[in-house]
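Subject: Handover of a structure

Dear colleague,

Please find the sequence and structure below. My notes on what was found follow directly after.

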Amino acid sequence: MRRALFPGSFDPFHNGHLEVVERASQLFDEVVVAAMRNPQKAGPLFSLEERMDLVRLAVEGMQNVTVVALASLVVNLAREVEATVIVRGLRAVSDFEIELQMAQMNRELSGIDTLFVPTSSEYSYLSSKLIREVAAYGGNVASLVPKPVDAALRERNRLP
Ligand code: ADP
């Protein structure tokens, strides 16, 4: 049984994240998506419970994907859920430096390797921060996020 862990803030979960989950779900028997309790990014727009619910709705059709909370080190959670690989998405070279550093640290700490999934060019410019900003000013992000996320953003920003 090959199980992968995909950790992130997912504030909110967008189509770039979804693509990584879809591809990982084809590569592994099981994928555990872990939403960070305290994203380093100050003041999340959505609470942990809201973020987890939105990820769950987005991955509903994928039988081998589960969603959990991440409250400790990624490698501790990986051991707990018996994941042998950490999956991370790569958008551009700019992601690579920090991701490489984290992957090396995680391997040093636990021996667990990181698999990088390069995003398709269609989603390579997407980030949760950009989506939050565009949605806050009434921009239409419906084509960039799963439907439940679009609805939640509209509600949060009091848009029709
Ligand atoms: P964001 O940078 O969008 O806030 P997270 O901190 O939630 O994302 O990141 C979780 C994981 O998703 C990371 O591995 C990140 O590289 C990946 N990721 C974020 N945006 C994209 C994208 N557009 N395409 C592929 N992977 C992405």
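Where is the place of P12? P12 sits in the loop between β1 and α1, where helices (H or I, at least four residues) and strands (E, at least two) are DSSP runs numbered from the N terminus.

This is a predicted model, in which local features need pLDDT of at least 70 and side-chain atom pairs count only at pLDDT 80 or more, while totals for chains, interfaces and linings use all residues. Residues are numbered from 1 along each chain as its sequence is written, and side-chain values use heavy atoms, with hydrogens and water left out.

Backbone

Most peptide bonds are trans, and most residues other than glycine have a negative phi. D11 and P12 are joined by a cis peptide bond, with omega about 0 degrees. F10, found in the loop between β1 and α1, has a positive phi near 55 degrees. F10 is buried, at a relative accessible area of 2% (buried means under 20% relative accessible area, exposed over 50%, partly exposed in between, with a 1.4 Å probe and protein chains only). E82, in the loop between α3 and β4, is not a glycine either and has a positive phi of about 60 degrees. E82 counts as exposed because its relative accessibility is 60%.

Core

The largest nonpolar core has 35 residues, and F6, F13, V21, V33, V59 and V87 touch the most other members. Such a core is a set of buried Ala, Val, Leu, Ile, Met, Phe, Trp, Tyr and Cys residues joined through side-chain atoms within 4.5 Å. Among the elements that give two or more residues to this core are β1 (3-8), α1 (15-27) and β2 (30-36). The largest share, five residues, comes from α2. Leaving aside neighbours within four places in sequence, V21 is in contact (heavy atoms within 4.5 Å) with F6, F13, V33, V59, M62 and V65. V21 is also one of the buried residues of α1, which include N15, G16 and H17.

P160 lies in the segment after α6 and is exposed, with a relative accessible area of 88%. P160 and H14 are 146 residues apart in sequence and 20 Å apart in space, C-alpha to C-alpha.

Yours sincerely
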